[in-house]
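Please look through the sequence and the model that follow.

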Amino acid sequence: MSGFGKLKIGSVELDNNVILGPMAGISDLPFRLLCHEQGAGLVCMEMVSAKAITYKNKNTDKLMDIHPLEHPVSLQLFGSEPDVMAEATRMIADKPYDILDVNMGCPVPKVVGNGEGSALMKKPELIEEIVKALVSATDRPVTVKIRKGFNDNSINAVECALAAQQGGAAAVAVHGRTREQYYSGKADWSIIAKVKDAVNIPVIGNGDVVDGPSAKALFEETGCDGIMIARTAQGNPWIFREVVSYLKGEGTPDRPSPQEVYDTVMRHADLQLEYKGEYIGIREMRKHVSWYTAGYPGSARFRNIINQMEDMESLKKACGDIFLQGIR
């Protein structure tokens with residue numbers, strides 16, 4: 001299939017094919033739950049180290065917490081050794097994720113320097129080995145997320161997608177930028193179309209979807225089976241209801257009122273407290289509140305204030321001042 005609608009990835013059927021992409025340090029349980037409630041058909045977890053799983057790292061175990069109401073959810077592993085990744089997959093067999101994804105697109109030097117993330121695109125044969133090892137280690141669908149290529153001299157998304165398919169991948173997500181680009185410049189949607197033409201598994205397009213019209217354009221220009229939204233969702237979980245509504249032909253709903261934004265930020269803060277405690281929760285909320293407040297009068301000064309806050313009650317009170325100003 002292509003265009004908006006349901007999407008089947010292996011044995012997992014999504015209610016819609018608008019997906020929250022994985023973002024390290026951002027797409028944690030509280031944020032995923034909010035995006036799911038706003039209409040995301042699938043939510044993807046922040047990447048988890050396969051090696052750390054095999055070492056039974058407690059912090060890594062916490063990263064894999066899943067809320068019963070956020071399904072379907074995709075758990076993303078990163079690593080470069082097929083046997084280690086397979087062992088990690090067997091060790092988390094009891095985790096209630098629906099889809100297992102492999103990160104082959106992370107551009108961060110520390111990850112790439114270890115031969116992981118987007119460095120895997122330099123070795124398509126290794127991509128096939130990794131996917132094959134994971135398919136043999138789990139009964140859940142295995143997917144991969146790749147980029148256009150490592151750099152402009154190595155545009156090999158098609159070759160990498162074919163390798164993943166050969167290994168048994170149930171779907172492939174393609175970000176239309178090279179590793180060298182990171183997140184700068186314009187995403188090249190033509191590479192997504194080329195991958196779609198080359199493989200017979202679902203292709204999920206990623207890059208520069210910022211609203212309903214751009215989501216529709218990505219479907220139309222590439223023929224992709226699903227779209228992935230990541231950075232645009234930062235401080236903006238409502239992007240999912242807006243895109244889904246637009247793609248259904250129902251127009252774009254009004255942007256959330258200041259009251260709704262405030263209520264969502266409060267809920268986000270409460271979830272952070274519940275799952276991470278105050279010390280970590282307040283520090284995580286600082287960046288989220290910075291995104292939520294973008295465009296509000298005095299938001300730059302406000303961000304400086306909240307970055308000094310050490311307790312959630314102070315942050316909540318400050319949020320009331322900026323979001324509810326003039327409507328109390």
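Is the crossing of H4 and H6 left-handed or right-handed? The crossing of H4 and H6 is right-handed; a crossing is called left-handed if the near helix is turned anticlockwise from the far one by less than a right angle, and right-handed if clockwise. The structure is a predicted model, in which local features need pLDDT of at least 70, side-chain atom pairs count only at pLDDT 80 or more, and totals for chains, interfaces and linings use all residues. Residues are numbered from 1 along each chain as its sequence is written, and side-chain values use heavy atoms, with hydrogens and water left out. The labels H and E refer to DSSP runs numbered from the N terminus, namely helices (H or I, at least four residues) and strands (E, at least two).

Two packed helices are described by the angle between their axes and the distance between the axes. The axes are lines fitted to C-alpha atoms, for helices over the stretch in contact, and the angles run from 0 to 180 degrees between N-to-C directions. H4 and helix H6 (residues 124–137) pack at an angle of about 25°, and their axes are 9 Å apart. The two helices H4 and H6 are therefore roughly parallel to each other, since angles under 35 degrees count as roughly parallel, over 145 as roughly antiparallel, 65 to 115 as roughly perpendicular and the rest as oblique. H4 contributes Pro82, Met85, Ala86, Thr89 and Arg90 to the contact, while H6 contributes Leu126, Glu129, Ile130, Ala133, Leu134 and Ala137; contact here means heavy atoms within 4.5 Å. By class, eight residues of the contact of H4 with H6 are nonpolar, one is polar and two are charged. In this classification Ala, Val, Leu, Ile, Met, Phe, Trp, Tyr, Cys and Pro count as nonpolar, Asp, Glu, Lys and Arg as charged, and the others, Gly among them, as polar.

A second pair of helices is H1 and H11, whose axes come within 11 Å and cross at roughly 60°. H1 and H11 are therefore oblique to each other. On the H1 side, Leu29, Pro30, Phe31, Leu33, Leu34 and Glu37 meet residues of H11, among them Arg267, Leu271 and Tyr275. The contact of H1 with H11 has eight nonpolar, four polar and two charged residues.

On a 1 Å grid over the protein atoms alone, a pocket is an open set of points with protein on both sides within 12 Å along at least five of seven lines, whereas a cavity is a set of points where a 1.4 Å probe fits but cannot get out; lining residues have an atom within 4 Å of a point. Grid points are joined across faces, edges and corners, and a volume is the space filled by probe spheres set on the points. The second largest pocket has a volume of about 340 Å³. Its lining has 13 residues, and the closest to its centre are Asn59, Lys62, Leu63, Lys276 and Ile280. Helix H1 (29–37), helix H3 (58–63) and helix H11 (258–292) each supply at least two residues of this lining, and the largest share, four residues, comes from H11.

The largest pocket has a volume of about 500 Å³. Of its 29 lining residues, Pro22, Met23, Lys145, Tyr183 and Ala230 lie nearest its centre. E8 and strand E11 (226–229) are the elements that give two or more residues to this lining.

Cavities are also present, and the count comes to two of 30 Å³ or more. The largest cavity has a volume of about 100 Å³. Among its 14 lining residues, Leu42, Asp101, Thr143, Ile204 and Met228 are the closest to its centre. E9 gives the most to the lining of the largest cavity, with three residues. The second largest cavity holds about 40 Å³ of space, and helix H2 (50–54) and helix H4 (82–91) each supply at least two residues of its lining.

Finally, the backbone deserves attention. Most residues other than glycine have a negative phi, and most peptide bonds are trans. The peptide bond from histidine 71 to proline 72 is cis, with omega near 0°, and proline 72 is found in the loop between H3 and strand E6 (73–78). Tyrosine 182 has a positive phi, near 55°, and lies in the loop between E9 and helix H8 (189–198).
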